[in-house]
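I opened a new notebook page for this one.

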Amino acid sequence: MIRQMACLFFLAATTLVPHIALGQSKAASQPTISDDNIHLRGPFQNARVRFEREKTGHVAFIGGSITEMNGYRPLVMELLRRRFPKTDFTFTAAGISSTCSTTGAFRLQDHVLDHGPVDLFFVEFAVNDDQDAGHAFREALRGMEGVVRHTRLHNPRADIVIIYFVNPGMLRKWQANDIPISVRAHEQVAEHYGVPAINLARQVAQSISSGDLTWAQFGGTHPKPFGNRIAERMIDRLMTIAWDRETPDKAVAHPLTKPIDPKSYFRGRFVDVGNAKISGNAVIEVPEWMAIGGGFRQRFANRKLLCLAGTGGEIELKFTGTAIGSYVLAGPDAGKVAASVDGAPAKVIDLYHRFSKGLHYPRTVMFATDLAPGDHTLTLHVDKSATSDRQAVRILKFVANQSKNHRLPHR
């Protein structure tokens, strides 16, 4: 029986190996799944009602490269087609490599909700909140609460599943009976909103301990088909337990209590760079990527970006909300920006990421996160401390957490 745990912080009394088993040989048999790692919370019947009774459904997936890759996502799509062969599914794949839950919260409207109300939503950000963004607890919570609460504001009947994948550093924490920060934050959100969670990370750690699995067999941070099959089996098990009863006659709205953090990004949105006032050498254009150098992902080809190259240009953006930042491509020449809101002393922020050396790396950088609700003005320019080889600013979108007087669409 799946345990509806009061808190993930309770760990089963399992002695885990103090290292990642990388080189052990192992027969290619799937490990035994523990129901302790499948957390069913609250009612989880609405998607089933849609799929069985209405024969239609919108299923969405959001996350980083683990979601974007040919991994667990297509396996779950096939699982749903097998379970509901007469249902007309719409699938939205919103995985973008390198992105964290902060970016996810701000791109949610454009990349998922604008495709229609979601009936079943799979959310995966634990690994990227840990290794890419390096989020502290507050940031990981604000991002995940932004995704979950915004989805429920858009469709109060949306069923959501959070899934925790794992990287080597996170695995070592699980083996030491410690819970990674990103998972602790995401679990607080899951508990608060009654959202089921699949703790694949803990399952992998326990299976390695018992000798049922090796890290190499699982496939690493970006799992092999064998590892993704474990995730699909755990999701299948969640559905089996949750839906082992008569289908309800109709879907019901999930209760929506007060937010954990009132300034979580559940009113997050993209703001088009065309809304900015630019001067000097600031320009909106498609960068000459081949001339710039550095790795480049094709999903961003032919995209017009708001660009600053060196000092002498300024960007001004008027916005309404409690937080402002930008979704940028930060490559080898990424510089430092001086950001000021409403004329306050500028805050200097380095856009360069540790992965920027060989890649124009997509990341969201926040300039201010605890503003008073209302109208504000952001000004940006390349900071004078930026070195001559790192003075580039390339903005895909601004991101803003809108004030609560701005209404969100409801289903």
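These are my entries, in the order I looked things up.

**Entry 1: what I am looking at.** I noted at the start that this is a predicted model.

**Entry 2: the open sheet.** I began with an open sheet of six strands, in the order E1-E6-E5-E4-E2-E3 and with mixed pairing. Which strands sit at its edges? I found strand E1 (38-39) and strand E3 (88-95), and each of them pairs on one side only. I also checked what packs on the sheet: helix H1 (residues 46-54) does, touching strand E2 (56-63), E3, strand E4 (120-124) and strand E5 (159-163). The direction of H1 makes about 140 degrees with that of E2. Back at E1, I saw that two bridges join it to strand E6 (residues 197-198), and the two run antiparallel. Ile38 is the residue opposite Ile198 in E6.

**Entry 3: strand E17.** Next I looked up E17, which spans residues 392-401. How many of its residues are buried? I got ten of the ten, so E17 is largely enclosed by the rest of the structure.

I then went through strands that pair with E17:

- Strand E7 (residues 268-271) pairs with E17 in the antiparallel sense, over four bridges; Phe270 has Val399 as its bridge partner in E17.
- Strand E10 (residues 305-309) runs antiparallel to E17 and is joined to it by four bridges; here Ala309 stands opposite Ala392.
- Strand E12 (residues 323-330) is antiparallel to E17 too, with six bridges; Ala323 has Asn401 as its bridge partner.

**Entry 4: Asn401.** That last pair made me stop at Asn401, which lies in E17. Buried or exposed? Asn401 has a relative accessible area of 2%, so I put it down as buried. What does its side chain reach? A polar atom of the Asn401 side chain lies 3.2 Å from the backbone nitrogen of Arg267. Leaving aside neighbours within four places in sequence, I listed contacts of Asn401, among them Phe106, Lys263, Tyr265, Phe266, Gly268, Thr320 and Ala323.

**Entry 5: the cysteines.** Cys100 has a relative accessible area of 6%, so it is buried. Cys307 is buried as well, at 6% relative accessibility.

Definitions and conventions: Residues numbered from 1 in each chain as written. Predicted model: local features only at pLDDT ≥ 70, side-chain atom pairs only at ≥ 80, totals over all residues. Heavy atoms only, no water. Buried < 20%, exposed > 50% of the residue type's maximum accessible area, 1.4 Å probe, protein only. Polar contact = N/O pair within 3.5 Å; in protein donor to acceptor, adjacent residues only side chain to side chain. Contact = heavy atoms within 4.5 Å. Pairing = 2+ DSSP bridges. Axes fitted to C-alpha atoms, helices over the stretch in contact; angles between N-to-C directions.
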